[in-house]
Amino acid sequence: MYAIETIGITKKFGNNIIFENLNFKAKEREITSILGPSGRGKTTLLRCLAGLENINNGTIKICGEILNNKNKDNLIKNIGFVFQNLNLFPNLTVMQNLKIVLDSTEKAQNLINKFKLNGKENEFPKNLSGGQKQRVAIARALMLEPKILIFDEPTSALDQELISEFLKIIRGLINKNRTIIIVTHDTNFAKNCSDNIFKI
Ligand SMILES: Nc1ncnc2c1ncn2[C@@H]1O[C@H](COP(=O)(O)OP(=O)(O)OP(=O)(O)O)[C@@H](O)[C@H]1O
Ligand SMILES: [Mg+2]
């Protein structure tokens, strides 16, 4: 069973065709990496999968269901998105960044503990290291317990040690029955971490 499947999708911006007739598949409980050169449409594909961009043609299936305007809000609840620039709210603390998604202090605190951010609850993002900020973004994406987690270039700002830490985190998520999709430039990282590689 595929967590996400696209069947012949096409995306254009104006007359500019970003991809055409694209068939992408991510199996449940696997890590699928998407590799491709800069500007090739990787982020655009992720945004289409997460319902943040409309496609011009073709079909997207999420957890076996065809995405349409009626079920979109419901279906995309299955997807957590960790953006390349993380998109943390700079004026909110770590705790507030998590609770803005879902107002549960208990759940937020559990995730903060899990990602070793204890003691940082009341810090603002600017006072965190790159790896800590990334862990806040991952924790926030997990607040709604999505089945599918999408990462856009998660390792680009991390050193080797933090990349290993990130690998441990995503392997832990796979053990919790989650499906992971990772866009990366890093061929070695993709080979190391993923069950499948999709070249765009
Ligand atoms: N909102 C938009 N309107 C018009 N063109 C866009 C828009 N977003 C992206 N594009 C164009 O679509 C193409 C693909 O962009 P995209 O960001 O998906 O590439 P990418 O593969 O993620 O690149 P990178 O590896 O540099 O992040 C680029 O040519 C970009 O200029
Ligand atoms: Mg991109």
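This is a short exchange about how terms are applied to one predicted model.

Modeller: The model is predicted, so local features need pLDDT of at least 70 and side-chain atom pairs count only at pLDDT 80 or more, while totals for chains, interfaces and linings use all residues. Residues are numbered from 1 along each chain as its sequence is written, and chains are lettered from A and ligands numbered from 1 in the order in which they are written.

Biologist: Why is Ile-150 called buried?

Modeller: A residue is buried if 20 or more other C-beta atoms lie within 10 Å of its own, exposed if 12 or fewer, and partly exposed in between; C-beta atoms are placed from the backbone. Ile-150 has 26 such neighbours inside 10 Å, so Ile-150 counts as buried. Buried residues make up 33% of the 200 residues in the protein.

Biologist: What does Ile-150 touch, leaving out residues up to four places away in sequence?

Modeller: Contact requires C-beta atoms, placed from the backbone, within 7 Å. Ile-150 touches Leu-46, Leu-49, Ala-50, Ile-79, Gly-80, Phe-81, Val-82 and Ile-181. Ile-150 itself sits in strand β8 (residues 148-152). Strands (E, at least two residues) and helices (H or I, at least four) are DSSP runs, numbered from the N terminus.

Biologist: What makes the largest nonpolar core a core, and which residues have the most contacts inside it?

Modeller: A nonpolar core is a set of buried Ala, Val, Leu, Ile, Met, Phe, Trp, Tyr and Cys residues joined through C-beta atoms within 7 Å. The largest has 47 residues, with the most contacts at Leu-49, Ala-139, Ile-150 and Ile-181. Helix α5 (residues 130-142) gives the most to this core: six residues.

Biologist: How do you know that the radius of gyration agrees with a compact globule?

Modeller: The radius is taken over C-alpha atoms, and the globule rule is 2.2 Å times the number of residues to the power 0.38. With 200 residues, the rule gives a value near 16 Å; the protein has 17 Å, which agrees.

Biologist: What span is expected for helix α6 (residues 160-175)?

Modeller: The expected span is 1.5 Å times one less than the number of residues. Helix α6 has 16 residues, with 22 Å expected. From first C-alpha to last, α6 reaches 23 Å, close to that value. Just after α6, Asn-177 takes a positive phi of about 70°.

Terms used
Two residues are in contact if their C-beta atoms, placed from the backbone, lie within 7 Å.
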